[in-house]
Amino acid sequence: EQILECEKILLKGSNLSEVENITPLLSSLQKGEYNVLVESDICKSIFCDYKCKLDDNLIDKLCSCLSDYLNRCTDIEKEFEILCLGIACLQSFVQSNWTGPSYMPLEKEGTCVNPYLLQFLPADSQKKNDVECLRLCLSVDGEEICTSIVCPELLILAIAFFKSPLPNLSSTEWWLMRTQYIHQQILDEHSPTLQGELIKLSQILQSSQFILNNNYLETLLHLEVARIYLHYGKVSISDQEIKAALKLLDMEVNLSGALGRRTQYQKRDLAQLTINVKVGTSAMDSSVCPVEQFPKDVILNDDVRLPHILFSNSEEGHFPDLSPLQQAAIIAVFVQKKKSQAKDHLQNEELTPFLNCLLAYPKVWAFQLSALLFRSRLECEHKRTVERALLQTQELIDFGSNPTLIPHRLHLFYCSYAPPSFVITSECASILVSMGSVQSALSLYLKLQMWDEVIDCYNYLKLRHMAAEVIRERMKKAETVKLWCYLGDATDDTSCYEKAWELSGGRSAQAQRHWAMYHFRRKQFQESIEHFKKSLSINSLQVALWFRLGYATLMTEQWAESAQAYRRYCSLEPESFEAWNNLAKAYILQGQKHRAYSALQEAVKCNYETWQVWDNLMAVSSDCGYFEEVIHCYHRILDLKDKHIDEQILTVLTTVIIKGVYDSHGKPAVEHRKKALELFGRITAKVMGNPIIWKLYAELTASIEEQTPITRSKTLQYYQKAYTAAMQDSSWFKEIKSIKQIIRICQCLGKAHLQIIKDCSSPKEAYHTLTSAKLSLQNIISKVDQHIIDFNKDHIDEKFQSELTLLRSLLDAVIEEHTKLKNAAS
């Protein structure tokens, strides 16, 4: 029970002074002196005399060694010592690469904090330096760790310690989950292997009675698992985890509005976004870090914008004093919203109040770091705040030198969303590039060995040859797969990718990825496909590569493979409307229109504001027989672009309604006539000069079963507008197509006039109505007769002649009726 209580306190990471000294190792953990544990005699003695198999990888060898050690010492105290050593190794690695300060080895000599590790390295490692060999041991699914990572041996040791058999302890799986997630964060791409292990570990932990019996630990677990799912883009599952945490914390977080001022010269209060946080009475945790030791919050110094919104009611801008774990929930909700919504100016307005809430009461060092960095990411896009964003990131780069104790830095770190320190430096460099300080950014990128960005900077400075020189100079120390790939990018030499592939022994997803992108950028799609497939066969979680493979196969008319690639991409990144749209295109080209319809339904969910996607959905809905959806899509397009004419779609819609065709739901299309008439009314209110639209509108009105004087009058009116619109083109008689169109409109116009005279109140009124029809028909027929001789006889087919004959017959009928009315009137 004593050890169990110690495990709980170690997981929480706060109040470490409460841990009883079951083992001397705990004293060093309490003080944050992790190097004392990592380089302790017990840690070295475990690996000193072990003879291992040569064919195992490094981590497997270390695990085997630890198993032998534990078999010799079976008591629970020894297991707990192993757990403490693992925690020390993990925390040291995080300290070195995330929170600072740098790891200080007790023994200054050597390249490895535990030199006994080097005996376990593979036999071929003599050709490489020790650090590079250790880095390669952390490669997973053909992906290497980032070049800026230091002390990789600490993570290797942590993985080995937590994977060793510790059956009497309850928290080993949690520490292993944390370790594997840290491992995932330093890889260049997502790893399917690590993803599977992390999900499995989270499921084991969520059914553990050790955790379920403790509200604090259960809440903390939900928040850490949510972070893992967010990392892999699984926003719906992460949302469930965050809601479960909020429920345990008895918290509600909602956006709300309040009147306030944002600028110094604003005279009138306007609606501003804020958040309303409701909390219960249970705080669970009250430990805090001294505020003066936190990363500095740089104040906004702008001539116009105020540092904070000045609310008319001061209570509106006041946030509750939250406990550290409640703040962890706030930052989780913030990241969830950021990941699950489209990136735009409105999103930034919605997100900022969450950061203001966190910064109002600094309590956790890692949360303060994360909140300030997130704010900088939002502010770097606006001209009035970009300078503060730059100063803030520069301030965060120097956090390693501030006096905060290491245990305080690591309190609640694993749910803080703090990135590795090199990411903060790279973001500072990115802001410098956006402000035009490319040379300053280049020096930072060179320090971080971020070769992609180095190449971009040299290209911008028109010094591309320098990128290759810098990389070659680096390769003199050690040739790596990464450096060969980047040399290929800098020189456009595909033999570099081939060399990288050979160096990896045919196991590097990165080598094939760079090779594929070389061809892809040059639109050599067929050549790129093979390399994309090889890279994805090694690591199937390279999200962007699935999209590019889909596009390459689409461009080379490999429809089935394109659909497969886009399906895979959409399963990994379901919020991309471009991918759903392209998947629909691949389905259409295969003739699978119903599947295309489903894909486009997903596309419009992801992007409700792009009319082209709605246009695609409208066309596919028409082909699939979803006529009600056609009308809905057309209305949405009109919402987005005011005017839109699609004669083909409207013709199909009118035809199916008039003929009574059944839609895909088994309903007659006639049921959609009322909505279709409303649509035509909206279209013609904006576009009045299109004869086809007016003709279709008239035909749809004429198809109403119970005709009344009003409907007949409207039909005639719409045909007259169609005739007027057609006649506005003074050159209509120069093309057979436009002549045929006018003839058909006139046929309908003549018939509508003959129908309407039944509703006239007197013969005189009917007479005047037919006079108008007679003049219109005579005008058209005379014009056609006059210009028909200018056309080649091949253009004048029997159908044209029969339609012209029909029009003449209609004119005769109008004249005959007109004469009767004239005689009746006289």
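Helices (H or I, at least four residues) and strands (E, at least two) are DSSP runs, numbered from the N terminus. The legends below describe a predicted model, in which local features need pLDDT of at least 70, side-chain atom pairs count only at pLDDT 80 or more, and totals for chains, interfaces and linings use all residues. Residues are numbered from 1 along each chain as its sequence is written, and side-chain values use heavy atoms, with hydrogens and water left out.

Figure 1. A salt bridge here is a side-chain nitrogen of Lys or Arg within 4 Å of a carboxyl oxygen of Asp or Glu. An α-helix has 3.6 residues a turn, so residues three or four places apart point the same way. Lysine 78 is partly exposed, at 25% relative accessible area. Glutamate 81 is buried, at 13%. Buried means under 20% relative accessible area, exposed over 50%, and partly exposed in between (1.4 Å probe, protein chains only).

**Figure 2. The largest nonpolar core contains Phe47 and Phe161.** This core has 269 residues, and Phe47 and Phe161 touch the most other members. Helix H6 (residues 76-99) gives the largest share, 12 residues. A nonpolar core is a set of buried Ala, Val, Leu, Ile, Met, Phe, Trp, Tyr and Cys residues joined through side-chain atoms within 4.5 Å.

**Figure 3. Aspartate 188 and lysine 482 form a salt bridge.** Their closest N and O atoms are 3.0 Å apart. The pair links distant parts of the chain, 294 residues apart. Aspartate 188 sits in the loop between helix H9 (172-185) and helix H10 (192-205). Lysine 482 belongs to helix H23 (residues 481-491). Aspartate 188 is partly exposed, with 28% relative accessible area. Lysine 482 is buried, with 4%.

**Figure 4. Arginine 377 and glutamate 427 bridge two helices.** The N to O distance is 2.6 Å. Arginine 377 lies in helix H16 (residues 365-379) and glutamate 427 in helix H19 (residues 421-434), so the pair ties together parts 50 residues apart in sequence. Arginine 377 is partly exposed at 24% relative accessibility. Glutamate 427 is buried at 19%. A search of the whole structure finds 30 salt bridges. Elsewhere, Glu609, Arg636, Asp639 and Arg682 are linked in a salt-bridge network.

**Figure 5. Phenylalanine 413 and tyrosine 414 pair edge-to-face.** The structure holds 19 aromatic pairs. In this one, the centres are 5.1 Å apart, with 85 degrees between the planes. Rings of Phe, Tyr and Trp (its six-membered ring) pair if their centres lie within 6.5 Å; planes under 30 degrees apart count as stacked, over 60 as edge-to-face and the rest as tilted. Phenylalanine 413 is buried at 0% relative accessibility. Tyrosine 414 is buried at 7%.

**Figure 6. Phenylalanine 520 and phenylalanine 532 form an edge-to-face pair.** The rings are 5.8 Å apart, centre to centre, and their planes make 75 degrees. Phenylalanine 520 lies in helix H25 (residues 509-521) and phenylalanine 532 in helix H26 (residues 525-538), so the pair ties together parts 12 residues apart in sequence. Both phenylalanine 520 and phenylalanine 532 are buried.

**Figure 7. Two lysines sit over aromatic rings.** The charged end of lysine 12 is 5.1 Å from the ring centre of tyrosine 216. Lysine 641 lies over the face of tryptophan 611, at 3.9 Å from the ring centre. A charge sits over a ring if NZ of Lys or CZ of Arg is within 6 Å of the ring centre and within 35 degrees of the ring normal.

**Figure 8. Serine 621 lies in helix H31 (residues 611-624).** Serine 621 is buried, with a relative accessible area of 0%. Its C-alpha atom is 8.9 Å from that of cysteine 633, 12 residues away along the chain.

**Figure 9. Helix H37 spans residues 736-756.** H37 has 21 residues and reaches 30 Å from its first C-alpha to its last. That is close to the 30 Å expected at 1.5 Å a residue; the expected span is 1.5 Å times one less than the number of residues. H37 is mostly covered, with 15 of its 21 residues buried.
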